[in-house]
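Hi,

Here is the structure I promised to send over.

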Amino acid sequence: MKRIVDFRSDTVTKPTLAMRKAMAEAQVGDDVLGEDPTANRLETMAAEMLGKEAGLFVSSGTMGNLVAILSHCRWGDEVIAGDRTHLYNAEAGGASALGGVSYHPLRNNESGMIDLVDLEQAVRPADGHYAPTRMIALENTHNFYGGLVLTPDDIGSVSNIARSHEIPLHIDGARIFNAAVYLEMSVAELVKDADSVTFCLSKGLGAPIGSVLCGGHETVERGRRMRKMLGGAMRQVGVVAAAGIVALETMVERLGDDHANARRLAVGLSKIPGISIDPDSFPTNLVFFTVDTDRQSELARCLDERGVKVLPRSPRWRMVAHNDISTDDVDYALDVIDNTVRDFAIS
Ligand SMILES: *Cc1c(COP(=O)(O)O)cnc(C)c1O
């Protein structure tokens, strides 16, 4: 069988055997009636790990962020977010389209943060000309900036401003566990200053489906209604939530392996002529680089045919380490990439 190593995303991870077993054996009930014990357990467990009052199981990170926005904001309100965030760029404009909430993008700097002076100035004064600012969002780890990690100090500095205006701070923590493992701290400690957090079970944690929105009781209860409105309330959802519990129990600590593999990959790529990358700028599991060829898509197709799948988004290509990628897979991919790039006679 042809060897295929898929580095496109950590979303391609397949559920582990333990997850499949837990799914098969899950106790279930009607979650819309609040009677699915497995979904309830996942929500409680996630909330405890994040140090928040409550949790809400949702179908995706996108739904988690949207439900958070709809929970914190009302029609006509405004959300401040970095201009390179997933929430602003890659969630189909849901807050505006479905919630009547406008986005107020602020320039993200190279570390994935927003400038605090910009932020202070962006908060709308109470004046009928403006859409009231009702949520501020941060992203951790920062996808566009190569999985960069915001520290508790970064988050605290934004939360100080948010609190002074009584505006909730939401963290899009799709990969918040990667950040916590990198910082060697608990997720609860890392997100202590956030009012709500979304994280994905379906990325590095390896579950097949799902995200959890965590926050205060009120935020989560209103979020539950918003989830219903969006058609995201599901019935015997414990079948899926069971895998999420296994993910939280068994897949967090191993994220460090992904970070080591990403590091190995980045260093290896930096030695291949024709590839430009700063191997020191990827602390977690995402790796970005540029390839010096005007035949980008042809090269990507060629790698694909040789069994190495990457995300060849212009201008930067992305490769992601995850549970289904071993250190040997990294070495294999580096070998294939080295040979293929050579065939393209780059440099
Ligand atoms: C993947 C991702 C999301 C959205 O998650 P989906 O489950 O794909 O909807 C949100 N934010 C960030 C930073 C992400 O990387």
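**Cavity and ligand site**

Helix α8 gives the largest share of the lining of the largest cavity, 3 residues; helices here are DSSP runs (H or I, at least four residues) and strands likewise (E, at least two), numbered from the N terminus. Bear in mind that this is a predicted model, where local features need pLDDT of at least 70, side-chain atom pairs count only at pLDDT 80 or more, and totals for chains, interfaces and linings use all residues. Residues are numbered from 1 along each chain as its sequence is written, and side-chain values use heavy atoms, with hydrogens and water left out.

Back to that cavity: both α8 (176-183) and β7 (196-200) supply at least two residues of its lining. Among the lining residues are I176, F177, F199 and C200.

Now the ligand. It is surrounded by 13 residues, and G61, T62, D172, R175 and K203 are the closest (near means a heavy atom within 4 Å). Helix α3 (residues 61-72) provides the largest share of this shell, 3 residues.

Which side chains make polar contacts (pairs of N or O atoms within 3.5 Å) with the ligand? T62 has a side-chain N or O atom 2.6 Å from a ligand oxygen, and K203 has one 2.8 Å from a ligand oxygen. For D172, a polar side-chain atom lies 2.5 Å from a ligand nitrogen. The protein covers 85% of the 380 Å² of accessible area that the ligand has on its own (Shrake-Rupley method, 1.4 Å probe).

Cheers

Notes
Polar contact = N/O pair within 3.5 Å; in protein donor to acceptor, adjacent residues only side chain to side chain. 1 Å grid on protein atoms, 1.4 Å probe; cavity = no way out; pocket = protein on both sides within 12 Å on 5 of 7 lines; lining within 4 Å.
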